[in-house]
Structures are given as structure tokens and as C-alpha cells.
Amino acid sequence: MKFGIITHAIHKQHSDKIYAYEPYVREMNLWAKYVTEIKILSPISKEKQTAVETEYIGVKVKLEKIPSLHIKNIAYVLHNILYIPLIFFKIIKFIKNVDHIHLRCPGNIGLLGALAQIFYPSKPKTVKYAGNWDPNSKQPVSYKIQKWILSNTILTKNCKVLVYGNWENQSKNIIPFFTASYYKGEVENVSKKELDATIKFIFVGSFSKGKQPLLSVKTVEKLLLKNFDVKLNMYGDGAEYSTLKKYIADKKLSNNIILHGNQPKETVKEAFKKSHFLIFISKSEGWPKVVAEAMFWRCLPISSRVSCVDYMLGNGKRGTIVPSNVREENLVKIIVDYLHNKEIYQKKVLAAQKWSQKFNLDTFDIEIKKLLLSE
């Protein structure tokens, strides 16, 4: 089977190896176990491989280039107008030469792919919708169009659309799904984390306005002002990195808040094991892996009510759910309440660990196999 992936994810090729963002490639390597060849249509970068990227393994992989699409300013809009027809016809040609279409949504390339697949009603398709499928959430118009096309069984035929969460009144091709980061064999007996010494917080993710990393910094700052012994380790990079670095320096917080930048999976895993709380107040998510990963290592999430987070955290039984516009004063109160009610913390953190460890890569592998072999 020639398995064709259409994605906006940036890929890199060095020698005979193809690289991309590690969590995405880790997932695609599982799909690769059940196909003979992978063909990828995506933007390509000539930059060096980073610490958060890894290579495709286990199957022959071919890479075809398309331009990236951005909407940052008028110059980018003009760029898009010129390139959209070219990309669309490249997608049409690409689909024609593969046996199975695998579309990654949402995104600008995903929208063009969703339109192109309409012309191939008999060809088998899977769509991984990695964004928020909540019908009531506020989303860009392009995302709503993608969701409408994909859930319309007249336009989208012979297709399984994998979404995060179990939503009411969905078409028959919409399949509730999940993602995973660890295998069963990685499960460890993480020691009980006491709340009597230094309380360790962690933030993992893109340093972007949507992920609100400064909110985590200000929350820990206020805890320090209240004389709590706390520390925040932050992993990631992005447009807000320099803002955070300056804020931490200006407020003389560098002894308690450490910016580690992008780090390999194993480094972050060890940090989760030592952390008591994850503060992750994102404005938009699909299945936030960082929340599931924290739970896996007995690190209690305090996260925003987006997408399927309510489901993941058991409506508050496995962590704390807050609105995405929560203020640091409210987060401080939540944390202080846990520190004064240690039994509640221990009960929730254990429930979180048990739940998360059910969603492992072994189970994920089985579900992928079912999807592909049932065609």
C-alpha cells in the first residue's frame, strides 16, 4: 500500500533520512508498520535538525515539496494567492498516485486537501483532525469549513475522520480517537510526591501567546511573594521566549524559574517525574499531549477548558480545569488549596496517572491497525 500523507508539518531531508516534529513522526512510524511505502506532500526546510525532531523509520519514505501558506501580512496574502492553485493541483496529482490518503487537519494545507479529496470518492482515506472538534468552540472560518467538508458524507466518502473527544450529533464517519506518548513498557512506579519540600511546577509547549507561558511565570512569582518554596521549569521555544527571558531577569526570578528551551523527549519525561503540577492554560488545543504526559508521571494538571480537556481530567476528578482567561490570582488560590489539602492532591494525582496510562502507544498501535486493515 502506498500511503500518502498531506500535511502542513515542516519536513527536513538530510542524506537519506527525513525528519519532522518528534510526536508527529512517532505516530506516523506506527502507521508505517502496516503499509509498504509512505509518500509525503509537505513544506520542506533546509535548516538543521532540532532537538524536538526525529526521523521516519521502518518503511520507504518519499518526500514531495509544496510551499508553506501563511497569513501574517499583505505580502503573505499575495504569496498565498499565487501559490494556492499550484498547491491544489499538486495535491490532486499526489492523491492520484497513492493507494490511501491520510490528511492532517486543521490547517491551510488541510483545507486544500479536504477539497481535493472530494474528487476521489472511492479512494480510502483517513483524516487526523488534531485540533479542537468541539462544535460550540470559537474557531477560524477555515477550520469550520474543513470540519463541515469532512463531516459531510456526501462530499467526503470512504473516509474515517479521527477526532479528539466524543461529541453528540456527529456523522457516521466521525470517530472519537486519542493520541499517546509512551508504551506500556515505559510505565514506572513513580514515588509519591510529597508537598512538604520545594513544590515543582512545569510548563511544556510552544512559547506563544495562545499557550500563555507568561501566565505560568506570573503565577509562580506570586507564590514566591507569598513565601512559598516553589520552582518552575519551562521547556519549549517560540515567539514569546525573549519576552519571558526579559521578564524573569527584570523580576530577578532566575533562581526559581528556569528556561530550558527545546529538549529531547527523555529529558522532559524526567522533568515530569520530579514535578508536582503542570500549569498549562492554553487557548486552543486538540488532545493536549502535555496534559496526558503530565498525568502519566503523577504530575497534576491545572489546565484550561478547551477541546476534550474536561473528558481527560474527568470534569475535575483528575486535575483542575479553569477558563482560558483565568488570572494568576485564581491559579494561586487553586494551588494553595491543594497545598492545604494534601489528601485531595494525592487522590487526584493517582487517578490521573491510572487514567493516562490506559492511553498508551500499544493501544494506539492496535487502533491504527484496525483502521487500515478494515478497508
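Reader: Is Phe-88 buried or exposed?

Author: This is a predicted model. In it, Phe-88 has a relative accessible area of 17%. Buried means under 20%, so Phe-88 is buried.

Reader: And Phe-89, buried or exposed?

Author: Phe-89 counts as exposed, at 58% relative accessibility.

Reader: How do I read a pair of aromatic rings?

Author: Two values describe such a pair: the distance of the centres and the angle of the planes. Take Phe-88 and Phe-89, whose centres are 5.8 Å apart with 80° between the planes. Over 60 degrees counts as edge-to-face, so Phe-88 and Phe-89 form an edge-to-face pair. A search of the whole structure finds 25 aromatic pairs.

Reader: Which parts of the chain does the pair of Tyr-182 and Trp-297 link?

Author: Tyr-182 lies in the loop between β11 (174-177) and β12 (199-204), and Trp-297 in the loop between α8 (289-296) and β16 (300-304). The two residues are 115 residues apart, so the pair links distant parts of the chain. Their rings are edge-to-face, 5.2 Å centre to centre, with 75° between the planes. Both Tyr-182 and Trp-297 are buried.

Reader: Which charged end sits over the ring of Trp-297?

Author: That of Lys-273, 5.1 Å from the centre of the ring. Elsewhere, the charged end of Lys-147 sits over the ring of Trp-133, at 5.4 Å from the ring centre.

Reader: How should I read a nonpolar core?

Author: In soluble globular proteins, nonpolar side chains tend to be buried together. Here the largest nonpolar core has 89 residues. Among those with the most contacts inside it are Ile-38, Phe-201, Phe-277 and Trp-287. Helix α10 (residues 328-340) gives the most to this core, with seven residues. Another core, of 29 residues, lies apart from it and includes Ile-87, Phe-94, Leu-111 and Val-127.

Reader: What is Phe-277 in contact with, leaving aside its neighbours within four places in sequence?

Author: The list includes Leu-195, Ile-199, Phe-201, Cys-299, Tyr-338 and Tyr-345. Lys-200 is also on it.

Reader: Last, how do I find empty space inside?

Author: Rolling a probe the size of a water molecule over the atoms shows where empty space is left. In this model the count comes to one cavity of 30 Å³ or more. The largest cavity has a volume of about 70 Å³.

Reader: Which residues line the largest cavity?

Author: Among them are Thr-179, Tyr-182, Trp-287, Glu-293 and Phe-359. Helix α8 gives the largest share of the lining, four residues.

Note on methods
Residues are numbered from 1 along each chain as its sequence is written. Side-chain values use heavy atoms; hydrogens and water are left out. A nonpolar core is a set of buried Ala, Val, Leu, Ile, Met, Phe, Trp, Tyr and Cys residues joined through side-chain atoms within 4.5 Å. Buried means under 20% relative accessible area, exposed over 50%, partly exposed in between (1.4 Å probe, protein chains only). Contact means heavy atoms within 4.5 Å. Rings of Phe, Tyr and Trp (its six-membered ring) pair if their centres lie within 6.5 Å; planes under 30 degrees apart count as stacked, over 60 as edge-to-face and the rest as tilted. A charge sits over a ring if NZ of Lys or CZ of Arg is within 6 Å of the ring centre and within 35 degrees of the ring normal. On a 1 Å grid over the protein atoms alone, a cavity is a set of points where a 1.4 Å probe fits but cannot get out, and a pocket is an open set with protein on both sides within 12 Å along at least five of seven lines; lining residues have an atom within 4 Å of a point. Grid points are joined across faces, edges and corners, and a volume is the space filled by probe spheres set on the points.
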